[in-house]
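Let's go through a protein model together, one feature at a time. Have the viewer open and ask away.

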Amino acid sequence: MSTKCSVLLLLALVLVLTGLAQSFNPLFVFDGNSTTHRDITQRAILQKTAEVCRDIAAADGRDFTLAIDDSLTAERVQEACSSSENSTSLLSSVLFHSSIANLYFSNANVDLVSVLSDEHHFDGETFQKGRDLITQGVSSVKASVKRENFIAGRWTLGRVCHTLQDFYSHSNWVELGNTSPYSVLITPDQQLENLAGLNVSTCRNCTGQSCDNNILPDVLQQGLLTSGYFSILSPEKPEGKCSHGGSFDQTSIRDPVGGINKDDITSSHGSLHHQAADLAINATLELLEDIRIAVGDKNFLRLMGLSQSAVLCFVIDTTGSMSDDIAEAKRVSFDIIDSKRGTEQEPSAYILVPFNDPGFGPLLTTTDADTFKANINKLTASGGGDIPELCLSGLQLALTAAPPSSEIFVFTDAPAKDAELKSTITALIESSKSVVTFMLTDVLASRRRRAISQADAQLYRDLSRASGGQVIEVSKADLAMATSVIEDSSASAVVTIFQAGSPGKPDNFTFTVDGSLQNLTVYITGAASLTFNLTSPSGVSQSSGESSGPLASLTSAGNLRRLSLNNDSETGLWEIKVDSNDPYSVKVTGQSSVNFIYNLVEAREGVHSDFFLKESRPLSGGNASLLVTVTGSDSVKAPDVTLYDSSGPTEINGTIQSLGGGNFLVTFSELPAGDFVVRLRGDDSSSLTKSTPVSFQRQASTQLKTSSLSVTAQANSTNIEPGSTVSIPFTIATTSGGVVNETANGMFTVRATNDRSFDSSSPSSVTIEEGNGGKANGTVTLTAPDTATSGTDVTLTIEAEDAAATDINYVVLRFSVAAKVTDVKGPVCQGLSTSTNCTSSLCAASQWEFVANVTDGVNGTGIESITLREGNGTLNMSTLVGPGGENITVVSYVASCCASRVQLSAVDNVGNVGFCAGQVRESATVAPVTAPVPAANVTMNVTSTGGHTLSTSYGLWITAVLLPLWK
């Protein structure tokens with residue numbers, strides 16, 4: 001490696017470790033008055049989501065009373081967007097909060113991954129390159145949504161938003177007096193204009209500590225666009241150019257000294273910080289509207305994560321002995337679909353992964369219940385000559401496809417042939433916080449060749465324990481009795497109140513029931529000899545021998561006991577006593593709007609000292625921080641958040657710092673080694689509860705494990721073009737007390753796996769040599785095949801294991817396949833006027849017609865959809881071939897004369913958007929124009945409601961307007 005490359009690599013690592021960021025602060029500020037990327041992104045998402053829901057309600061004839069302003073919360077938007085006004089189901093905003101968090105964490109990550117990239121922050125007048133990043137990223141988002149790959153779409157969208165938002169902080173757009181966003185940044189076929197040339201001076205020295213007037217008057221008078229230069233290496237910059245500014249910016253000490261950034265209120269142009277932040281919010285809204293038009297309202301809301309219900313996700317063994325299991329999976333899934341279709345409890349998506357040996361997949365992800373039904377109906381049991389199957393490979397696909405905190409059900413009666421993936425699956429479970437429950441049939445049937453040994457079953461138990469799931473072992477005949485857990489999980493607003501496992505000793509467990517909880521259920525898995533006793537707060541008890549007692553109804557199937565508590569269950573402290581010398585688990589769930597999400601974050605020091613998402617295990621002996629968000633209530637003050645390890649038992653209290661809006665930063669000092677779960681206790685005086693105030697308890701399902709190994713990796717780009725290769729450098733270190741042990745040495749096993757089976761290379765091991773500061777470096781490569789489709793996501797897991805195979809850590813990286821888009825022009829509309837009958841004083845008795853030709857040109861990707869944006873008439877479309885060989889869609893819109901306006905949006909096959917508008921106005925006439933004869937029959941007929949009502953008599957004046965917003 002050259003000296004220059006070595007220096008740059010070292011510099012990049014230093015910047016990552018110091019958290020240097022030159023932008024709006026990523027997540028938090030503690031000055032009480034500055035706006036962060038997180039604030040900007042969240043406000044825009046909530047506002048645009050509310051606007052979409054308002055428009056859907058208007059089209060459906062429903063009221064929408066939510067005021068769309070800066071006071072919006074996820075809970076208020078979720079409630080207002082509820083389509084069933086009289087619904088009695090509980091609302092949960094967990095999925096919405098999680099999706100918003102994904103977006104702002106991805107946004108913040110740009111300050112780590114691309115800290116030295118001028119174009120990612122619009123530094124150094126890199127306007128064209130910055131605009132290219134935005135438009136290419138938006139194309140990738142639209143491609144992901146088209147494939148219903150909403151998770152990848154969110155991660156890409158967050159990164160795009162960061163660059164877009166930085167434009168308003170780093171350029172002089174605000175100083176030029178602009179009060180609206182620069183729409184050209186999201187419009188690839190429009191020219192960037194009035195850019196200050198390389199030889200044009202743009203700034204003068206600041207006066208003392210004030211930089212308010214350091215942009216040259218000529219630049220402002222001519223409306224020239226510029227941005228500050230930034231470097232931590234050298235003061236070099238083009239003569240007379242503005243600098244970014246700040247203590248880390250070496251260019252700001254060279255004439256002209258000072259800077260122009262508006263990152264926070266203390267920045268060089270901090271007096272304009274709030275104007276820049278407001279413009280960044282409006283620009284983000286404009287970007288979201290473009291995506292909304294391209295993907296449609298329903299898919300836009302799915303991209304935002306607005307859903308009341310979880311996904312239905314099955315991973316199914318399809319070998320010969322599984323016919324009964326497949327039949328039961330069909331039955332229970334069909335029951336869920338048929339009973340919930342059209343309600344807010346209908347699963348938000350459906351995921352199906354079959355597996356056997358030698359194959360697994362294909363992965364099916366769909367929002368269409370009938371598509372899921374058709375595919376699960378196709379599953380047949382066949383083959384399976386050798387016993388082990390590729391169970392974990394199928395589970396890997398499901399874990400990376402499902403949204404965070406999903407529940408995944410695995411059906412099998414065989415051991416895993418790919419047990420070497422155990423650590424990878426564990427990493428993905430911890431990263432996604434998904435729950436995995438295994439439905440194992442005829443596990444110990446001695447006459448079966450496919451019987452699972454206890455050692456094989458332990459693999460499944462370890463994975464389920466890590467995820468907070470269960471291993472349910474039943475006979476094939478009793479499987480239908482056990483699948484009630486799947487129906488339970490498909491209910492709305494399911495929360496975990498308590499969960500614990502035991503290696504095999506009698507124990508007492510307590511849990512708190514609050515007034516917001518409904519439909520409480522206790523699950524106990526264990527040997528047949530296990531007994532238990534459940535006691536209510538008032539002292540009433542029920543034993544395991546009572547199937548219908550004073551507290552609950554008990555059903556059993558295999559190793560599972562399911563207690564459905566009576567509806568009038570008392571609030572307060574409950575106790576369950578379990579007597580067993582064999583391993584067992586206890587889990588208590590209910591339904592409530594009050595819940596919480598958490599994310600492991602890591603503090604970084606630098607210009608913007610802040611926290612960033614950490615996608616690996618916390619370090620043993622070090623400090624760990626969690627960003628905790630309480631959902632479903634705005635009245636929880638400062639909850640108690642603890643880490644609980646049942647093997648000790650050990651419970652560690654965290655230090656709480658309120659961030660407002662139900663968000664809390666929780667810090668744990670000198671975290672000991674262990675396998676922890678996050679517990680939250682608090683007092684809620686919300687109106688959602690039956691009594692105020694009330695104590696409540698919630699528990700996260702997924703374990704949070706510590707490690708003494710540190711694994712870090714950063715990719716220069718998270719997009720991969722088909723046929724290209726991306727290199728990912730990584731670093732492994734051993735730590736002591738949470739700090740790198742610089743005197744350590746040794747060899748470590750390295751595993752790099754991806755969920756798409758893309759070609760990849762990595763060292764099988766790395767060695768920390770003496771004198772290397774306790775660290776070892778390596779590189780993983782990942783190659784997307786030529787046939788990879790835009791919108792496909794790839795999850796790469798890099799793991800490191802010590803020589804004793806007792807300690808593992810990992811890092812999880814996400815990539816999106818994004819083919820280069822050459823079609824950047826939106827569809828073009830040409831209006832054709834026709835006759836009208838708008839002559840009657842009763843407008844409802846007359847009609848007018850609007851006709852237009854829409855084309856994507858000869859070299860375009862073609863028209864994908866044309867929809868009504870405004871109007872309540874009937875839309876008809878047909879196609880013909882134009883004189884230049886271009887495909888033309890002839891649009892005919894017929895409406896009552898009471899609805900005087902129409903606006904159409906046309907979307908091509910890569911998501912470029914164009915608009916077409918027509919209008920009837922008073923006292924004007926237009927000679928009719930004859931439209932060409934279509935070459936094909938009408939292909940679509942859409943009726944839309946809404947529009948304007950006019951009660952006076954009209955002549956016809958129809959205009960077709962090609963709005964200058966082709967995206």
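Q: Let's begin with helix 12 (residues 391–401): how many of its residues are buried?
A: "Buried" is a cut-off on relative accessible area: under 20% is buried, over 50% is exposed, and partly exposed is in between, with a 1.4 Å probe and protein chains only. Here 11 of the 11 residues of helix 12 are buried, so helix 12 is largely enclosed by the rest of the structure. Among them are Cys 391, Gly 394, Gln 396 and Thr 400. Helices in this numbering are DSSP runs of H or I with at least four residues, strands are runs of E with at least two, and both are numbered from the N terminus.

Q: Before we go on, what kind of model is this?
A: It's a predicted model, where local features need pLDDT of at least 70 and side-chain atom pairs count only at pLDDT 80 or more, while totals for chains, interfaces and linings use all residues. Residues are numbered from 1 along each chain as its sequence is written, and side-chain values use heavy atoms, with hydrogens and water left out.

Q: How many helices and strands does the protein chain have?
A: There are 16 helices and 44 strands. Of the 967 residues of the protein chain, 57% count as buried. For contacts, the criterion is heavy atoms within 4.5 Å. Take contacts between residues at least 6 apart in sequence: 74% of these join residues at least 24 apart.

Q: Which residues in the largest nonpolar core touch the most other members?
A: A nonpolar core is a set of buried Ala, Val, Leu, Ile, Met, Phe, Trp, Tyr and Cys residues joined through side-chain atoms within 4.5 Å. The largest one has 73 residues, and Leu 157 and Tyr 168 touch the most other members. Helix 8 gives the most to this core, with 13 residues. A second, separate core has 32 residues, including Phe 355 and Ala 398. Back to Tyr 168: leaving out residues up to four places away in sequence, its contacts include Trp 173, Pro 181, Leu 185, Lys 262 and Ala 276.

Q: How are helix 2 and helix 8 oriented to each other?
A: Start with the axes: they are lines fitted to C-alpha atoms, for helices over the stretch in contact, and angles run from 0 to 180 degrees between N-to-C directions. Angles under 35 degrees count as roughly parallel, over 145 as roughly antiparallel, 65 to 115 as roughly perpendicular and the rest as oblique. Helix 2 (residues 37–60) packs on helix 8 at about 45°, with their axes 9 Å apart. The two helices are therefore oblique to each other.

Q: Which residues of helix 2 and helix 8 meet?
A: On helix 2 they include Ile 40, Arg 43, Gln 47 and Asp 55, and on helix 8 they include Ala 277, Thr 284, Leu 288 and Arg 292. By class, the contact has 9 nonpolar, 2 polar and 5 charged residues. Those classes put Ala, Val, Leu, Ile, Met, Phe, Trp, Tyr, Cys and Pro in nonpolar, Asp, Glu, Lys and Arg in charged, and the others, Gly among them, in polar.

Q: And at what angle does helix 5 pack with helix 8?
A: Helix 5 (residues 127–146) and helix 8 (residues 273–295) pack at about 35°, with their axes 10 Å apart. Val 138, Val 141, Lys 142 and Val 145 in helix 5 meet residues of helix 8 that include Leu 287 and Asp 290.

Q: Where are the cis peptide bonds?
A: Check omega. Another joins Gly 361 and Pro 362, with omega about 5°; Pro 362 sits in the loop between strand 2 (350–355) and strand 3 (364–366).
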